[in-house]
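Subject: Structure for your review

Dear colleague,

Please find below the structure that I am handing over to you.

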Amino acid sequence: MDFYSPEFFAFSLAVLALFFVVPARLRWVVLLAASYSFYAAFKAAYLGILVFCTLAAYGGALAMNRCEARQTRRLMLIAGLVCQLGILGIFKYVSFLDASLGQLLGWGGMAYSGTALSLIVPVGISFYVFQNVSYLVDVYRRDVPAERHPGIFAAYVAFFPKLLSGPIERASQFLPQLSEHSRFDAERFTNGLKLVCWGLFKKLVIAERLAAFVNVVYADPQAYSGVSLALACVFYSFQIYCDFSGYTDIAIGLGQMFGLRLTDNFNRPYSATSISDFWRRWHISLSSWLRDYLYIPLGGNRAGVLRHYLNYLIVFGLCGLWHGASWTFVVWGLLHGFYLVCGRITAKPRAALAAAVGLGRKPALARCLKILITFILVTLAWIFFRAESLSQAFYILGHLFSGWENLFAAEALGPMLLLTKSRTDLVLAVLSLVFLGVVHALERHENMRRLFAGRPLWARFAFYYVLVAGILLLSPPNAANFIYFQF
């Protein structure tokens, strides 16, 4: 059941109707049954893994809650974390480690046939495992009490709009909402529906149209010059943003229609003025998770300078590995860690240089330069995220500046930009990005859910018409799954 398919939305509306019809005390039953049915539709075996991880976290938290001995509770926490992360490691990283070991031994001249174990990674496992980990740690720290109702806890883990790609919800924020008995609210429902439509537009109209160009280049990068490679890299930056934030908007919008508040996961990330600012705006539920459950426990910035920098590299190296069992993801994560280290080291020299050239007197220009530089650095890192292999990523990086002498040659510029696509496709792709930029400029002061509240009726309906017409007329017939479903 595709997340953007008519079947999914018919399913969601049926669940919504049932949710508000049944007695409030039984709403968790509706959510849990719907979530498990939705997840089992992908592959029934996945459901068994989800249930096992849920029961392990539920039981482990209750055991810690009853225990007063700190050392015993610590051992219980370790056991719970090993269970959750062990399941994640078995399904997601065994094949990667096996292949890496074989490659390492091959470099040493030793033969290695590898293991016969090959497992399909359950969709969404990285998200619900991290959610369980944060819950266990919070119970251990006494930040939240253990949830005693197994059904409500299971609904917290498996709530179907967020199950596949987040946001990664904290127990303190989401669990209490499942016990609240909210009434149907027409305004809240409408605001959620607007967010769902915006998410669909970003995914189906913007991301999928950009993907058509990106996929052509990454299928055979050797066939293209630097202009085409650079265009594909820039388009991919916006493709992955619109794809992932589009999913998040749909999930948050559906949650709001149920009367449940999910964590905002994006805040115009390409408006960031630094890499640290980018991570405060991009995949916020993951970046805050990494900060609270990995970076700070490692010592954060309280340790010495070298340890502080090492913490950056450890956190972002593991961030890359969380995204996928491939060295391309690890390098992508380490590159962001390297950016942060370099940003810290060069902070004073950069400030002195800005003062010397007079940027302090031109704050708007300084901000634009910071945004541009940050976007370029993020885009370069996305090359490793998208590439099929390290060799492909390094090839693209090494050839980004080739062929630019033909930029102003009329007979060469067209093929370099169109990438075997029609001129109409390119115009629509560019116009969709312009529309995204306009909406983001409006969102500087208002969230999408309140963007047109209080505006004249004609303005509201004109915007909604553009969204719905765009979704119906410009969506591709066979859209790909959301990118983050693979994580």
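Predicted model: local features only at pLDDT ≥ 70, side-chain atom pairs only at ≥ 80, totals over all residues.

Helices H1 and H10

Helix H1 spans residues 6-21 and helix H10 spans residues 226-257; their axes come within 10 Å and cross at roughly 25°. Since angles under 35 degrees count as roughly parallel, H1 is therefore roughly parallel to H10. The crossing of these two helices is right-handed. On the H1 side the contact is made by Phe8, Phe9, Ser12, Leu16 and Phe20, and on the H10 side by Ile250, Leu254 and Met257. By class, the residues of this contact comprise 7 nonpolar, 1 polar and no charged.

Leaving aside residues up to four places away in sequence, Ser12 touches Phe160, Leu254 and Phe258.

Phe160 is located in helix H7, which covers residues 160-163. With a relative accessibility of 0%, Phe160 likewise counts as buried. Residues up to four places away in sequence again being left out, Phe160 touches Phe3, Phe8, Phe11, Ser12, Val15, Ala34, Ser35, Phe38 and Phe258. Phe160 and Leu16 are 144 residues apart along the chain, and their C-alpha atoms are separated by 12 Å.

Helices H12 and H13

Helix H12 (residues 284-295) packs against helix H13 (residues 305-323) at an angle of about 130°, and the axes are 11 Å apart. This angle makes H12 oblique to H13. The crossing of H12 and H13 is right-handed. Which residues meet in H12 and H13? From H12 they are Leu286, Leu290, Leu294 and Tyr295, and from H13 they are His308, Asn311, Tyr312, Val315, Leu318, Cys319, Trp322 and His323. This contact of H12 with H13 divides into 9 nonpolar, 3 polar and no charged residues.

Helices H14 and H15

The axes of helix H14 (residues 327-345) and H15 are 4 Å apart, and the two helices pack at an angle of about 60°. H14 and H15 are therefore oblique to each other. Gly343, Arg344 and Ile345 of H14 make the contact with Ala347, Pro349 and Arg350 of H15. The contact of H14 with H15 has 3 nonpolar, 1 polar and 2 charged residues.

Just after H15, Gly358 adopts a positive phi of about 85°.

Aromatic pairs

A pair of aromatic rings is described by the distance of the centres and the angle of the planes. A search of the whole structure finds 63 aromatic pairs. One of them is formed by Phe278 and Trp279, which are arranged edge-to-face, with 5.7 Å from centre to centre and 90° between the planes. Phe278 is buried, at a relative accessible area of 1%. Trp279 is also buried, at 6%.

Yours sincerely

Technical notes:
Residues numbered from 1 in each chain as written. Heavy atoms only, no water. Axes fitted to C-alpha atoms, helices over the stretch in contact; angles between N-to-C directions. Parallel < 35°, antiparallel > 145°, perpendicular 65-115°, else oblique. Left-handed = near helix turned anticlockwise from the far one by under 90°. Contact = heavy atoms within 4.5 Å. Nonpolar A, V, L, I, M, F, W, Y, C, P; charged D, E, K, R; others polar. Phe/Tyr/Trp six-rings, centres within 6.5 Å; stacked < 30°, edge-to-face > 60°. Buried < 20%, exposed > 50% of the residue type's maximum accessible area, 1.4 Å probe, protein only.
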